[in-house]
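Biologist: I am new to this structure. Could you take me through it step by step?

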Amino acid sequence: MSAANGTPDSTAGSPDTPDGPRPEPLRFFGTTWVDHDRGYTARRIGVAAGSLVTAAAACFVLRVAYQGLQIADVGSFVTLLMVVMFAVCSALAFRHTWEGFTRRHDPARQASLRGLLAIGFVGSLLAYFFRSLTEAPGERLHREEYEAARAQHEKRTSRRSGNPKKRRRP
């Protein structure tokens, strides 16, 4: 049933829907990553280009901010501190985002790093760009989890062999 309006779900119990676990959709890709169909390659190209263009635009904005610091004449120490802060935060954000494509992060740690990841957004965008050159970002992790769930489902359903009440007892 649909939770929004209480109407029956038309796909529930229909023979078209496969039995067992369903793949988790990825951002920008939905479930096209499973069979690499319905424009998967075009989406990967679009995501790669979009993340690279966004990273370039972000670097331009950071350049304008750097020029603003120079115009304000805040001093070389503050300027150096800002450049180092953005560089370090971008490197940490890149690493954190890259690791997120292969394993799930702890939600508490993710929440505590939210500020650092916001400052290092250029690193996250670059990690997204580089990963989308080879696969959909997060595809490997989702594929491993999906295949493990499918294998577990097959193992569970293959053990069942009919109605246990009809079995003969010796």
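This is a predicted model: local features need pLDDT of at least 70, side-chain atom pairs count only at pLDDT 80 or more; totals for chains, interfaces and linings use all residues.

Modeller: Residues are numbered from 1 along each chain as its sequence is written, and side-chain values use heavy atoms, with hydrogens and water left out.

Biologist: How many helices and strands are in the protein chain?

Modeller: Helices (H or I, at least four residues) and strands (E, at least two) are DSSP runs, numbered from the N terminus. From that end on, the elements run α-α-α-α-α-α. The count is 6 helices and 0 strands.

Biologist: What percentage of the residues in the protein chain is buried?

Modeller: Buried means under 20% relative accessible area, exposed over 50%, and partly exposed in between (1.4 Å probe, protein chains only). The chain has 170 residues. Buried residues make up 24% of them.

Biologist: How many salt bridges are there?

Modeller: Side chains of opposite charge can pair when their charged atoms come close. A salt bridge here is a side-chain nitrogen of Lys or Arg within 4 Å of a carboxyl oxygen of Asp or Glu. By this rule the count is 7.

Biologist: Which residue forms a salt bridge with E24?

Modeller: The closest N and O atoms of the pair are 3.0 Å apart. E24 lies in the segment before α1 (40-72) and its partner in the loop between α2 (76-100) and α3 (107-112), so the pair ties together parts that are 80 residues apart in sequence. E24 is partly exposed at 38% relative accessibility. The partner is R104.

Biologist: Is E139 buried or exposed?

Modeller: E139 forms a salt bridge with R143, the closest N and O atoms being 2.9 Å apart. The two are 4 residues apart in helix α6, separated by about one helical turn. R143 is partly exposed, with a relative accessible area of 22%. E139, at 5% relative accessibility, counts as buried.

Biologist: What is the volume of the largest pocket?

Modeller: On a 1 Å grid over the protein atoms alone, a pocket is an open set of points where a 1.4 Å probe fits, with protein on both sides within 12 Å along at least five of seven lines; lining residues have an atom within 4 Å of a point. Grid points are joined across faces, edges and corners, and a volume is the space filled by probe spheres set on the points. For the largest pocket it is about 570 Å³.

Biologist: Which element gives the most to the lining of the largest pocket?

Modeller: Of the 21 lining residues, the closest to the centre are R27, G100, F101, Q110 and Y128. The elements that give two or more residues are α2, α3, α5 (121-132) and α6. The most, 3 residues, come from α2.

Biologist: Which element supplies the largest share of the lining of the second largest pocket?

Modeller: This pocket has a volume of about 180 Å³. Its lining includes C59, L62, M82 and F86. The elements giving two or more residues are α1 and α2. The largest share, 6 residues, comes from α1.

Biologist: Which residues are in contact with R131, leaving aside its neighbours within four places in sequence?

Modeller: R131 lies in helix α5. It is buried, with a relative accessible area of 4%. Contact means heavy atoms within 4.5 Å. The residues are W98, F101, T102, P137 and R140.
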